[in-house]
Amino acid sequence: MNIALFGYGKMGRMLEKLGLERGHTIVAKIDVNTTKIDYSTIDVAIDFSTPDAAFENIVECFKNGVPVISGTTGWLSKFDEAVSICNQYEGAFIYASNFSLGVNIFFELNAQLAKMIANLEQYQVHLEEIHHTQKLDAPSGTAITLAEGIIENSVYSAWKLNQSGANEIPIISKRIGDVPGTHTIQYQSTVDSLTIEHKADNREGFALGALIAAEWIHRKTGVYTMKDVLNLK
């Protein structure tokens with residue numbers, strides 16, 4: 001496939017390396033200084049840009065008939081609008097807060113555990129995420145997805161950053177060194193605790209998952225998730 005990379009930071013360079021290894025061609029590497037894009041050469045766009053650029057990048061791809069894989073977080077107030085525009089232009093779109101295959105399995109484990117503990121009031125949930133100091137948003141999109149998975153399957157109604165209230169999930173965000181990403185969920189009672197954790201050893205897993213999603217969505221139309229890609233539904 002001919003792939004365009006929107007955003008050419010660490011993730012963009014990793015996507016380029018793995019994409020070439022998987023036999024794809026990188027036809028565009030788009031950053032803040034890019035002024036002209038030939039959409040006719042692009043089979044799939046992968047967006048790991050910035051929160052303020054992502055929505056415009058995605059919409060322009062839809063208008064030009066280019067499927068989009070987006071892993072940019074921090075722009076989701078416009079997500080529903082992006083989905084509407086995708087449908088309007090009969091485009092193709094996958095957004096994920098995290099494309100790691102392991103993390104998407106972790107999302108499913110998280111939802112199942114929340115269901116199992118939902119009626120056990122003695123357990124209180126805590127969520128912690130650790131990322132590198134260059135990450136722009138807090139909490140991470142992955143942490144928000146995990147919190148939403150708990151809310152959908154329990155008595156919790158909201159999440160709150162670095163604090164909590166009644167029926168709220170506290171999300172503790174830490175920014176340390178060059179940590180690729182660690183997410184920990186703990187259910188604590190007065191007598192014991194249950195903990196599940198996903199720890200990324202490097203960024204390659206995120207890039208690989210995004211490329212697998214790009215390969216899967218090629219020549220499709222519609223709005224999908226990683227559950228569709230991994231047949232987890």
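Reply: Happy to! Buried means a relative accessible area under 20%, exposed means over 50%, and partly exposed lies in between, with a 1.4 Å probe and protein chains only. The model is predicted, so local features need pLDDT of at least 70 and side-chain atom pairs count only at pLDDT 80 or more, while totals for chains, interfaces and linings use all residues. Residues are numbered from 1 along each chain as its sequence is written, and side-chain values use heavy atoms, leaving out hydrogens and water.

Me: Is serine 140 buried or exposed?
Reply: Serine 140 is in the loop between strand S6 (124-131) and helix H5 (141-151); helices here are DSSP runs of H or I with at least four residues, strands are E runs of at least two, and both are numbered from the N terminus. Its relative accessible area is 1%, so serine 140 is buried.

Me: Which residues is serine 140 in contact with, leaving aside its neighbours within four places in sequence?
Reply: Contact means heavy atoms within 4.5 Å. By that rule, and with those neighbours left aside, the partners of serine 140 are Glu129, His131, Lys135, Arg175 and His183.

Me: Which backbone nitrogen does the side chain of serine 140 reach?
Reply: The distance here is 2.9 Å. The nitrogen that the serine 140 side chain reaches belongs to alanine 143.

Me: Which residues of helix H2 are buried?
Reply: Helix H2 spans residues 51-63. Its buried residues are covered by elements including strand S1 (2-6), strand S3 (44-47) and helix H3 (79-88). Those buried residues are Ala54, Phe55, Asn57, Ile58, Val59, Cys61 and Phe62.

Me: At what angle do helices H1 and H6 pack?
Reply: Helix H1 covers residues 10-21 and helix H6 covers 204-217, with their axes 9 Å apart. Axes are lines fitted to C-alpha atoms, for helices over the stretch in contact, and angles run from 0 to 180 degrees between N-to-C directions. The angle between H1 and H6 is about 60 degrees.

Conventions: Polar contact = N/O pair within 3.5 Å; in protein donor to acceptor, adjacent residues only side chain to side chain.
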